[in-house]
Each structure stands twice: as structure tokens, then as C-alpha cells.
Amino acid sequence: MKKGPNILITGTPGVGKSTLAQQLGERTGLEWISVGDLAKDNNFFDGYDDERDCPILDEDKVLDELEDMIEEGGKILDYHGSDFFPERFFDIVFVLRTDNTILYDRLAARGYTGKKLEDNVECEIMAVLRDEAKESYKEEIVHELPSNTVDDMENNLERMIVWLEAWKRDNGT
């Protein structure tokens, strides 16, 4: 029997995925896994994208590493992509969205410049990651949440905790 649900928190870099995932893990006891950190710690890369100044994720290695953890249950994954994860991995998917002006400032403060900055803001404007999640998972498990302010983050955390309590009740855990 699974220890708990598996949750994906996704969205463009800078929308607050890691902050929210960490807080959710702390409040619920679910294990937070930053897919980016997992890849970095295990060198799960397949080259480097010079134009975007970032490593290229080796998705197969990441999935192999996650397989047993996901089967165990009770995991919160955070990553900016979602389409390479199997549908069976997640009980719910939260897509964080941020106003493009706010996002631009957050990314610039992180040192994003040039094509990397432009691509990420454009990705958010065009709702690329929301659409990717909706195409990859059943529509009823994909939830889009605003992530512009501290109040938004607190509301999102509370909403996720309420969902988790309902999941536990429905699954007898």
C-alpha cells in the first residue's frame, strides 16, 4: 500500500515550485524531491545547452531513479517539465502560474539573461507548461494556481493540504 499520494508541482522557473514543495513537505511529512537537484546530485545529464546556459536532462536516468520512490508513494516532485513523467506517477498535478512582469523580475534577480530569460517569460505567457500538463495527465488531476504573492503561496499551501486530507480520507490512510 502506498504511503501517500504522489504530487507534481510544475511551472516555469521562478514561479515558486521549490518553495511551495518544501513547505508542503514540512507541513505534511511527505518527501520533497527536487528533480533538478536529483539530476545534479547524480549527474543525470546528457550534454549542455550553450544557448540557454543549462544542462540537458537525461530523462531516462531520472525516471529509473524515481521509479521505486514513486511506487512507495508519499512524494512531492517539483520540476519545470511534466510531459516525460508517466501518467501513473501522480495522483495530482499543480501548475503554478505567475504574472509575466513579476516573473521577469524574479528571473532577472536570479541572474537569468538573454535567451534564457526571454524563453522562460515567453513560456509563461504562452502557458506552455500548463498545456503540457493538461496534455500529459487526466484533466481532473491538473490544477492551475496563481503564484504572484505571498498570500497566493499561503493559499496554495492550504489548498494542497485540504486536498491531501481528502485523499487520505478517501484512501483510508
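Tutor: Start with Glu158, which is partly exposed because its relative accessibility is 37%. The model is a predicted one, and the values below are computed from it. The side chain of Glu158 meets that of Arg27 in a salt bridge, with 3.0 Å from N to O. Glu158 belongs to helix 7 (residues 150-171) and Arg27 to helix 1 (residues 17-28), so the pair ties together parts that lie 131 residues apart in sequence. Arg27 has a relative accessibility of 48% and therefore also counts as partly exposed.

This bridge is one of 13 in the structure. Another joins Glu72 and Lys75, whose closest N and O atoms are 2.6 Å apart. Here the two partners fall into separate classes: Glu72 is partly exposed because its relative accessible area is 36%, whereas Lys75 is buried because its value is 2%, the cut-off for buried being under 20%.

A further bridge links Asp131 and Arg130, with 2.9 Å between the closest N and O atoms. Asp131, at 29% relative accessible area, is therefore partly exposed, and Arg130, at 23%, is therefore partly exposed as well. Both residues take part in a network of salt bridges that also contains Arg97, Glu124 and Glu144.

In soluble globular proteins, nonpolar side chains tend to be buried together. The largest nonpolar core here has 23 residues, and those touching the most other members are Val62, Leu66, Leu77, Phe85, Phe90, Val93 and Tyr137. Helix 2 (35-42), helix 3 (59-72) and strand 6 each supply at least two residues of this core, with helix 3 giving the largest share, four residues. A second, separate core has 22 residues, among them Leu20, Leu96, Leu103 and Met153.

Phe85 sits in the loop between strand 5 (75-78) and strand 6 (92-97), and counts as buried because its relative accessibility is 2%. Beyond residues up to four places away in sequence, Phe85 touches Leu8, Val35, Leu63, Leu66, Leu77, Tyr79, Phe90 and Tyr137. Tyr137, with its neighbours within four places likewise left aside, is in contact with residues including Leu8, Phe85, Phe90 and Val93.

Nonpolar side chains also occur on the surface: Ile125, Met126 and Val128 form a patch there, with about 280 Å² of accessible area together. Val128 lies in helix 6 (residues 128-136) and counts as partly exposed because its relative accessibility is 38%.

Technical notes
Residues are numbered from 1 along each chain as its sequence is written. This is a predicted model: local features need pLDDT of at least 70, side-chain atom pairs count only at pLDDT 80 or more; totals for chains, interfaces and linings use all residues. Side-chain values use heavy atoms; hydrogens and water are left out. Patches are made of residues with over 30% relative accessible area and no salt bridge: like charges are joined within 9 Å, nonpolar side chains (Val, Leu, Ile, Met, Phe, Trp, Tyr) within 5 Å. Accessible areas come from the Shrake-Rupley method with a 1.4 Å probe; for residues, only the protein chains shown count as cover. A salt bridge is a side-chain nitrogen of Lys or Arg within 4 Å of a carboxyl oxygen of Asp or Glu. Buried means under 20% relative accessible area, exposed over 50%, partly exposed in between (1.4 Å probe, protein chains only). Contact means heavy atoms within 4.5 Å. A nonpolar core is a set of buried Ala, Val, Leu, Ile, Met, Phe, Trp, Tyr and Cys residues joined through side-chain atoms within 4.5 Å.
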